[in-house]
Amino acid sequence: MPAEILLRNARILDVFSGQFFLGDLALAQGQILGFGGEAEKIVDVDGAYIIPGLIDAHVHIESSKLSPREFAKAVLPRGTTAVVADPHEIANVLGAEGIRWMIEATKNLPLRVFFMAPSCVPASPLETPGAVLSAREIREILSWERVLGLGEVMNFPGVLAGDPDLLAKLEAAKGRPIDGHAPGLSGPALWAYVRAGPKTDHECTSLSEAEEKLRAGMHILIREGTTARNLAALIPILTQSSAPFVHFCTDDREPETLLSEGHMDDVLRKAIEAGVPPEVAIPAATIHAARAYGIPGLGALAPGYRADLLVLSDLTRMKIEQVYVEGKLVAEAGRLIADLPETPELPPSSMRVHLERLSFRIPAREGFARAIQVVPEQVITEELMVRPKVENGEVLADPERDILKIAVVERHRGTGNVGLGLVCGFGLKEGALASTVAHDSHHIVVVGTNDEDMKAAVAELAAMGGGQVVVERGKVLAALPLPIAGLMSDRPLSEVHRLSQELKKAAKSLGTKLPDPFMTLSFLALPVIPALKITDLGLVDVRQFKIVPLFGGDNDG
């Protein structure tokens, strides 16, 4: 077979020996033919480095707030040619149809997008789910194209307790890759969890935790996202010997991070800066990641492998000059040059909110009330007991004491459920913030200094079909529409970034000192991370795993 392209005079990474060698690379029909010969087109790379395309081993595309098309446009020039995506965000909103939409939206992209079937939809019984994926549905999803295995098994207490539905999901995925999610799990509990099936973990935050999980036979995914940044702590675990079992992932990267820092190129650059030889770091993010997830033909520059590769002028700085996918040049000098298919028709809206019946009124009672205490730049919270401001028998927000109202408005089924509470730590002096990005069920979460602005914010989200908004005195100061399930935009990265920056600026004008108030807001509705959270069913004491009343207790925090 004659070569279509010959990349001449290259320093080629052999991921099998962990060495570079000088030579030529022949490409044809989307694959690598060998290391020389005649070709229709010869490209002299003049001593540049050629490495396989990088693989993100675990990512939620929805967290970028970008459509799959725009996500591909953002990460391909950064050297990411394949991702293993867990679509549990859109699955929590739209169920199996949301996953089908993601598969359709990524079908003809030059970015290779593989999927894991979400294992925990819903994440908790303490909220109204947008969807429920049973073991029977998981079994079906596992048969779909590009679905590799079972997504992160977050409900590790359910695994250890022998939850029948969860065990049935694990059984359905037996023999396939199963992602773990077990922060802090150790000793016999960890061993039991691993025996049940999960074989990767991206939740390690300390080297000792990663070492214990590696000894237990788990693949360690070193995570470097927007909020969760674990590379500096974990990078010593990556050595020549451990590389087949250590990979990299971003998990969640916001538009700002994609623009300012990059994607897998940024992760590899940091690993190399931390002292990992490129010959070790790159195989961890290519051939070893592909093998961990059972993806044949990816991750190496050898005959018969797919011709997904990067041409670099500077290896240690990961300066990428060209990106090839399937033997075709798709990005050059930091810009995408390939044509991308249009995003398919957007999925149906799940904004079922009865605005005419919406009320944030909290009747007053004697005694102290529970309040969620925000912990800056953390997804955990604390519980406070406060004496709320009361007028005419109603609890009011008290901005002077930084005690605001918070509510979760159910948006998927039109139940009319509204969970009400108090929150400290936002620092708003006026107005309200609201978002349909509210992990993991993604109802509307709204915080404000008064009921009128909170209602106006919810009404604006309903009109937009989902998104994020800042309101003051009934006026919308800034808004980011997210019409794809209330999670993703249909606009370009640059515009999503601009609107996100306007949101932050508007929120800061209302008094908040939080670095990313919408990120903080989005996790206050996640009832699986301690200590006090809120759902459409009310306040949740995560430590007791139950709904608790607003009023109760006898001490002032």
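Leucine 482 sits in the loop that runs between β27 (475–481) and α15 (493–509), in what is a predicted model. With a relative accessible area of 0%, leucine 482 is buried. Once its neighbours within four places in sequence are set aside, leucine 482 is in contact with Lys65, Val437, Gly465, Gly466, Gly467, Gln468, Leu487, Met488 and Ser489. Leucine 384, by comparison, is 98 residues away from leucine 482 in sequence, and the two C-alpha atoms are 33 Å apart in space.

## Domains

The domain assignment divides the protein into domain 1 (1–52 + 299–337), domain 2 (54–298) and domain 3 (355–547). Taken over C-alpha atoms, the centres of domain 1 and domain 3 are separated by 49 Å.

In soluble globular proteins, nonpolar side chains tend to be buried together. The largest nonpolar core here has 139 residues, and the members that touch the most others are Phe248, Phe426 and Leu433. Apart from this core lies another, made of 18 residues, including Ala407, Val409, Ala457 and Leu461.

## Cysteines

A disulfide is a covalent bond between the sulfur atoms of two cysteines. The count of disulfides in this model comes to zero. For cysteine 204, the closest cysteine sulfur belongs to cysteine 249 and lies 10 Å away, which is too far for a bond, because a disulfide requires the two sulfur atoms to be within 2.5 Å.

Cysteine 204 is buried, its relative accessible area being 2%. Cysteine 424 also counts as buried, at 7% relative accessibility.

## A three-stranded sheet

Three strands form an open sheet in the order β28-β29-β30, and their pairing is antiparallel. β28 (532–535) and β30 (546–548) stand at the edges with a single partner strand each, so one side of each is left without a neighbour in the sheet. On average, and with direction ignored, neighbouring strands of this sheet are turned by 45 degrees against each other.

Strands of a sheet pair through backbone hydrogen bonds, either parallel or antiparallel. Between β28 and strand β29 (residues 538–541), which run antiparallel, there are four bridges. Lysine 533 has valine 540, in β29, as its bridge partner.

Note on methods:
Residues numbered from 1 in each chain as written. Predicted model: local features only at pLDDT ≥ 70, side-chain atom pairs only at ≥ 80, totals over all residues. Heavy atoms only, no water. Helix = DSSP H or I, 4+ residues; strand = E, 2+ residues; numbered from the N terminus. Buried < 20%, exposed > 50% of the residue type's maximum accessible area, 1.4 Å probe, protein only. Contact = heavy atoms within 4.5 Å. Core = buried A, V, L, I, M, F, W, Y, C linked by side-chain atoms within 4.5 Å. Domains from an automatic or database assignment. Pairing = 2+ DSSP bridges. Axes fitted to C-alpha atoms, helices over the stretch in contact; angles between N-to-C directions.
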